[in-house]
Amino acid sequence: ETSSAHYILQQYLAASGGLKIQNSVHNAYAMGKLKMLASDIETPNKVIKNRSSSKCVESGGFVLWQMNPDMWYVELAIGGSKVHAGSNGKLVWRHTPWLGAHAAKGPVRPLRRALQGLDPRTTASMFANATCIGEKKINGEDCFILKLCADPQTLKARSEGPAEIIRHVLFGYFSQKTGLLVVLEDSHLTRIQTSGGDAVYWETTINSYLEDYKPIEGIMIAHSGRSVVTLFRFGETAMSHTRTRLEEAWTIEEVAFNIPGLSLDCFIPPAELRLASAGDDHEISRSGTGRSAVGAAAASAAYRAKVVRPGRSFDRSIHNMTRQMDDINI
């Protein structure tokens, strides 16, 4: 199973352009647009469906930068809400309108959005310890399935306070015809123990479908796709569960490699996080906005001028979706 997985990843890297070209990439930039296609909320008593028409669809966009090793910065804006996050190779952080700037516990993690067809080398590295568990047809195409489970030490490191991450599993579906990744699926289960009450469980599942592969400077990049995010809350009583489903479609507008002038300064965490990290304290003040360095901020300003951002907000749903979709750790 493991040897089969290694062969599948070798084919994937070859189909994506080959290691020689990919190893020549030291940093990267991508800009894309996205649309929220649907959002459903299910409770024991009712189901609320919101399927956006072409006239009132929630639109937005994202921009991201990456640099070896393990550094990234992303901004995402949709429905009047904006989230940005980053990693300087040692610390992963986010800034949201609801929580301000805050650090993520556990080991440094890659950017999930980059794994959605933008960074083959990191994707292959992520699945390095995976096993091949079989085959499945995806949209009529035969695919190999690779499975990777987070180890107990990683789960413990990412747990915090009353929130215990019980399980995190990642699946990759690789086309037998092209060798490319066509579906990325990950699921994790969190248990939250409230004081004096029953435990509540949150199960998050994200299915991303990657399409329209085109070569950019010799590297195959997925230029469109969609993700379906399901947040399932259960555990207090039999009749208290809620299920939230969000569907996003995206297109990639620009991709470039080895950007001149992109420096380490572009990945510096917000000041309040740097101070907290130095003191080994991740309880972050909510007052700061947590801008990254000037180089990334200037590029962000140019990007924001291109992005359509209607005034209506998804509030907490967007927070949950972007938090789960824009970083991952196995």
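Across the whole structure, a search finds one cavity of 30 Å³ or more, where a cavity is a set of points on a 1 Å grid over the protein atoms alone at which a 1.4 Å probe fits but cannot get out. This is a predicted model, in which local features need pLDDT of at least 70 and side-chain atom pairs count only at pLDDT 80 or more, while totals for chains, interfaces and linings use all residues. Residues are numbered from 1 along each chain as its sequence is written, and side-chain values use heavy atoms, with hydrogens and water left out.

The largest cavity has a volume of about 40 Å³, and its lining (residues with an atom within 4 Å of a point) consists of Ala28, Tyr29, Ala30, Leu64, Gln66, Leu118, Val255 and Phe257. Two or more lining residues come from each of β1 (27-42), β3 (58-67) and β14 (242-257).

## Aromatic pairs

The count comes to seven aromatic pairs, a pair being rings of Phe, Tyr and Trp (its six-membered ring) whose centres lie within 6.5 Å. Phe127 and Phe174 are edge-to-face (planes over 60 degrees apart), at 5.8 Å centre to centre and 85° between the planes. Because Phe127 lies in the loop between α4 (120-126) and β8 (131-138) and Phe174 in strand β10 (residues 163-175), this pair ties together parts that are 47 residues apart in sequence. Phe127 is buried (under 20% relative accessible area), with a value of 1%, and Phe174 is likewise buried at 1%.

Conventions:
1 Å grid on protein atoms, 1.4 Å probe; cavity = no way out; pocket = protein on both sides within 12 Å on 5 of 7 lines; lining within 4 Å. Points joined across faces, edges and corners; volume = space filled by probe spheres on them. Helix = DSSP H or I, 4+ residues; strand = E, 2+ residues; numbered from the N terminus. Phe/Tyr/Trp six-rings, centres within 6.5 Å; stacked < 30°, edge-to-face > 60°. Buried < 20%, exposed > 50% of the residue type's maximum accessible area, 1.4 Å probe, protein only.
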